Amino acid sequence: MMTIIAMQGCIIGQKTTVAKKYPEIIDDDLIFYGDKCDWDKDAVHTFSIVEANKDGYRYWAYYGLDHYNVREHHIRKAGLARSNDLENWEKYEYNPIINDNCRWPTVVFDNGIFYMFYAEYNDDVDSRIVMVTSKNGIDFGEKTIIVPYEKGKQNQNPFIYKDPNDHHFYLFYYHGTERAKTNKRWNIYVKKSADIAGLITAKPVEVLSSGGTMAAPSIAYYQGTYYLLVEEFNDSKAQDRWVTNAFYSDRIDGGYRRVANNPVLWKNDACAFQYIFDGKLYFTYSHALKLSESKWNLRMTKME
């Protein structure tokens, strides 16, 4: 199903280590799309799932739209969908639940509280990350700034994760200078805290950096390994432009190396969010229907 590239190795002393592979895809299905003539038409882009077991639904998912590099804040919104099987999703009838300047919502459900993180944009299209909370998963309260604006810089693409090993919270995000005239950088940062509130003051740590497009991080711990997915840009004739690539490490906050079987997805597929449900690894991702017009739908993969 996918192209396998040559395995990477490195010499450590007299030993040769071979890069791990990201688990192979066994199912890949369309799960979600924007409704014709509605607020989310052709623009659904990210899909953050929590297992809430609330109001008759096991899974609650929060989805955001594309609409990047635009100054109309009001078209960036977030919606809610719910499911009991991860395949059939029912949109909340009163969507959108956040009506303005909300891109890339990511949610963790902890001790009965929904914590949502998302990116906001100012008039210069610089971005920051804020947090809102809710008890019912629908009505979210006042914003708390987690990563502030920085002139000429991006702080966006958040992914919130509670590590099953140390039970700390980790906020991964893209920090970069993509609009700079020279010395552009795309960095993946992480903030760590024993509790949600501590993320406000936690110092970010760089886990990856690139001179080419690298953004949209998501993390999962699967079968003893941390896997970090990112989106990257590929201009080669053999592949479409957006690809999803994976890195692996034995620790969550550093030491990442590329897996041997990159790209994981390559047909203009990006914005992946990873999850473990019932011991199985899944990720949702955005597939470009027509990249030139920024038309997208959402798909989900199940890994071996």
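**Close-up views of a predicted model**

**View 1. D278, an exposed loop residue.** At 56% relative accessibility, D278 counts as exposed (buried means under 20% relative accessible area, exposed over 50%, and partly exposed in between, with a 1.4 Å probe and protein chains only). You'll find D278 in the loop between β20 and β21 (280–290). Strands here are DSSP runs of E with at least two residues, while helices are runs of H or I with at least four, and both are numbered from the N terminus. The phi angle of D278 is near 55 degrees, which is a positive value in a residue other than glycine.

A quick note on the model: it is predicted, so local features need pLDDT of at least 70 and side-chain atom pairs count only at pLDDT 80 or more, while totals for chains, interfaces and linings use all residues. Residues are numbered from 1 along each chain as its sequence is written, and side-chain values use heavy atoms, with hydrogens and water left out.

**View 2. C37, a cysteine with positive phi.** C37 sits in the loop between β3 (25–32) and β4 (44–54). Its phi is near 65 degrees, again a positive value in a residue other than glycine. Is C37 buried or exposed? With a relative accessible area of 69%, C37 is exposed.

**View 3. C271, a buried cysteine.** C271 has a relative accessible area of 3%, so it is buried. A disulfide is a pair of cysteine sulfur atoms within 2.5 Å, and a search of the whole structure turns up 0 of them.

**View 4. An open sheet of 4 strands.** The strands run in the order β8-β9-β10-β11, with antiparallel pairing. Two strands pair if DSSP finds at least two bridges between them. At the edges are β8 (103–110) and β11 (144–147), each pairing on one side only. Strands of a sheet pair through backbone hydrogen bonds, either parallel or antiparallel. Zoom in on β8 and β9 (residues 113–121), and you'll see an antiparallel pair with 6 bridges. One of the residues to look for is R103, whose bridge partner in β9 is A119.

**View 5. Two cis peptide bonds.** One joins N95 and P96, with omega about -5 degrees; P96 lies in the loop between β7 (90–91) and β8. Another joins N262 and P263, with omega about -5 degrees. Look for P263 in the loop between β19 (257–258) and β20 (269–277).
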